[in-house]
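Reader: I am new to this structure, and I would like to understand the words used to describe it. Could you show it to me and take my questions one by one?

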Amino acid sequence: MGQILNKIQKANDIKKIAPRLYPALAQEIREFLIENVSRTGGHLASNLGVVELTMALHLCLHLPEDKIVFDVGHQAYVHKLLTGRRDGFESLRQSGGMCGFPKRKESDCDCFGTGHSSTSIAAAMGFAAARDLKQTKETIVAVIGDGALTGGLAFEALNNLAMFRKKKKNMIVILNDNNMSISENVGGMNRYLNDIRYRRSYGEFKDNVEQAIKNIPGVGDSMVRTIRRSKDSIKQLLLPGMLFENMGITYYGPVNGHDIAAIMQAVNRARQMDGPVLIHVFTKKGKGYPIAENNPEKFHGIDPFDIKTGKPLKKKAGASYTDVFARTLLDIAREHKNVTAITAAMPSGTGLSAFKEAFPERFFDVGIAEEYAVTFAAGMAASGMRPVVAVYSSFLQRAYDQILHDVCIQKLPVFFCVDRAGLVGADGETHQGLFDISYLSSIPNLLLMAPKNRYEMEDMMHFAMEYDGPAAMRYPRGEASEVLSDCRPPIEIGRSEKIRDGKEVVLLSVGNMMDEAVKALELLKEQGISAGLVNVRFLRPIDEEMLHELAERYPLLVTLEENVLSGGYGEAVSSFLHRNGYASRLLTLGIPDCFVDHGSVDWQRKEMGIDAASIAGRILEKVREL
């Protein structure tokens, strides 16, 4: 196994492989990916679907001079293999190992770092514009999936792509159409592409029509010449909507995305054209591994698994925070008929699949369009509904303006359920939910909460649905905590929860950091340090009454949050102490001024100094300085 793949040690080595061996190489690549991802976990189905497509691009282009800009980048494993990073798959997505997404510092062949959706066309246009200004000749290719094409940034880029037509400058967009993002696609663009999917290749159909007309005795040749002079007329006949052509983008396809020769022909033809070209290729997500083909959503991103069965190797943990959210929202929706649920292409990831099944008329998947999701929710709320917007923390960043302008200024009762808040592990820098406290706590009129455990999460959800205004709740990825399950006082606006008293120091813990806080206090107790503990609960508004009490009582206050320190809860407490003239010292523990690399959450916490041992050590140092 891998005899042909072994010959690829660096970029462009694929060009040394004989064409008759391409199918065998594609098979070896698929076997390599299945075997390695089954051990490390990662994005499998999306990579299995682009094997031939990536091979064809590497055969047509010369890297790193030519540029391939991948959208999201979870489909770049094949690209990494073909650029000599085979050994990196042993430590894929692990601390100190190879990133699961394109990364500029990892290879010159990764020209643009990605991780979030819909950026490729805009970034590729930047490369192409720079190329033209420098008067160089490299080929620029953006590879975007039909799922990413639902994102607003992709449409903005398409709208501006016509500038390359006016300047007669080349740029290529590969539309990798597998009828999926993570889940099945939705919306008008998906319907438009579906229409094309059911038609034959534009070039093939055009040739067949011309040949049929030519065969008309006496008038055939004349009619074909007339049709050719009217370029648009035949395209209007053959392409539904003519969306891309009408935007000034030459459309080529559809092309079989698993036919290397056909893709190469399309790419080489596109490189010779003046202006932007969109090559529409069809691929099958999970191709070559039947279990993934039949369940591409499950194998989009998967933990280590058994190859024969496809089942995870690790025993499923208890209910996750996402599971608790899903069950609680169903209970609320049964009681309140005006509750709706909105997600941006993530019904499964956010736990809304069950809601979709139970209340299909009240469920809305808007595609990869967080800005639209928020303003859509605002319109619903203004009409008397109670929309719940479920979205990952790092994705919600895209909708900051809409939260501020469309929801919070108008005090509309939209409830933001911010999943994957805090450290997320193997997905790394682009997916860490470490900024939501900072960007949400600055917005007037918005309640911002963080539950310490699964039970408090349920209580906060019921509270938020009764609150007449905008609210947000942040919660982490992974198993829902049972810590301090016997402490369950009612939720009151802006009120924290005192867990225990101490003498020398008090620890104010935010949300999911309570597990580490409790462990840290036990370590301090072993060192003879008497420490108090507070569950912050509300990040906006902060509990100033409690802070007055703590500042008057304790010589040292310590804040603990899984968020960047800049703009976080610790800074809010620091501001409070300064404004009110308190002499208490403050230690803020959180994420320093950096982006956190991929690895396990335990490793990331230790690296950032917010695991129990590090917390206790830092507090002990400060107490001894008093």
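Reader: Happy to start. What should I know before looking at any values?

Author: This is a predicted model, in which local features need pLDDT of at least 70 and side-chain atom pairs count only at pLDDT 80 or more, while totals for chains, interfaces and linings use all residues. Residues are numbered from 1 along each chain as its sequence is written, and side-chain values use heavy atoms, with hydrogens and water left out.

Reader: What makes β3 and β5 a pair of strands?

Author: Two strands pair if DSSP finds at least two bridges between them. Strand β3 (residues 171-177) and strand β5 (residues 276-282) are joined in the parallel sense over seven bridges, so they meet that rule. Within the pairing, Ile172 stands opposite Val277 in β5. The names come from DSSP runs numbered from the N terminus: helices are H or I with at least four residues, and strands are E with at least two.

Reader: Why are β1 and β4 called edge strands?

Author: The open sheet has five strands in the order β1-β2-β3-β5-β4, with parallel pairing. β1 (67-70) and β4 (250-256) are its edge strands, as each pairs on one side only. On average, neighbouring strands of this sheet are turned by 20 degrees against each other, direction ignored. As background, strands of a sheet pair through backbone hydrogen bonds, either parallel or antiparallel.

Reader: Which helices lie across the strands?

Author: Helix α5 (residues 120-134) lies across β1, β2 (140-145) and β3, running at about 175 degrees to β2. Helix α13 (residues 260-271) lies across β3, β4 and β5, at about 170 degrees to β4. Axes are lines fitted to C-alpha atoms, for helices over the stretch in contact, and angles run from 0 to 180 degrees between N-to-C directions.

Reader: Why are α17 and α19 called roughly parallel?

Author: Angles under 35 degrees count as roughly parallel, over 145 as roughly antiparallel, 65 to 115 as roughly perpendicular and the rest as oblique. The axes of α17 (residues 370-382) and α19 (residues 400-408) cross at roughly 10 degrees and come within 9 Å, and the two helices are therefore roughly parallel to each other. Where they meet, Glu371, Val374, Thr375 and Ala378 in α17 face Gln402, Ile403, Asp406 and Val407 in α19 through contacts (heavy atoms within 4.5 Å).

Reader: How do you know that Glu545 and Arg495 form a salt bridge?

Author: A salt bridge is a side-chain nitrogen of Lys or Arg within 4 Å of a carboxyl oxygen of Asp or Glu. For Glu545 and Arg495 the closest N and O atoms are 3.0 Å apart, so the pair qualifies. Glu545 lies in helix α23 (residues 544-553) and Arg495 in the loop between β11 (471-474) and β12 (497-500), so the pair ties together parts that are 50 residues apart in sequence. By this rule the count comes to 34 salt bridges. Another one joins Asp132 and Arg131, with the closest N and O atoms 2.8 Å apart. There is also a network of salt bridges linking Lys80, Arg85, Glu106 and Asp110.

Reader: What makes Ala319 buried?

Author: Its relative accessible area is 18%, so Ala319 falls on the buried side of the cut-off. Ala319 lies in the loop between α14 (290-294) and α15 (321-335). Leaving aside neighbours within four places in sequence, Ala319 is in contact with Val324, Arg327, Arg454, Glu479 and Ala480.

Reader: How do you know that Gly147 and Ala148 belong to a binding site?

Author: That comes from UniProt, where an unreviewed entry places the feature "binding site" at residues including Gly147 and Ala148. UniProt positions are given in the numbering used here, feature names are shortened, and annotations may be inferred rather than shown by experiment. In the model, Gly147 has 2% relative accessibility and counts as buried, and Ala148 at 8% counts as buried. Ala148 is found in the loop between β2 and α6.

Terms used. Buried < 20%, exposed > 50% of the residue type's maximum accessible area, 1.4 Å probe, protein only.
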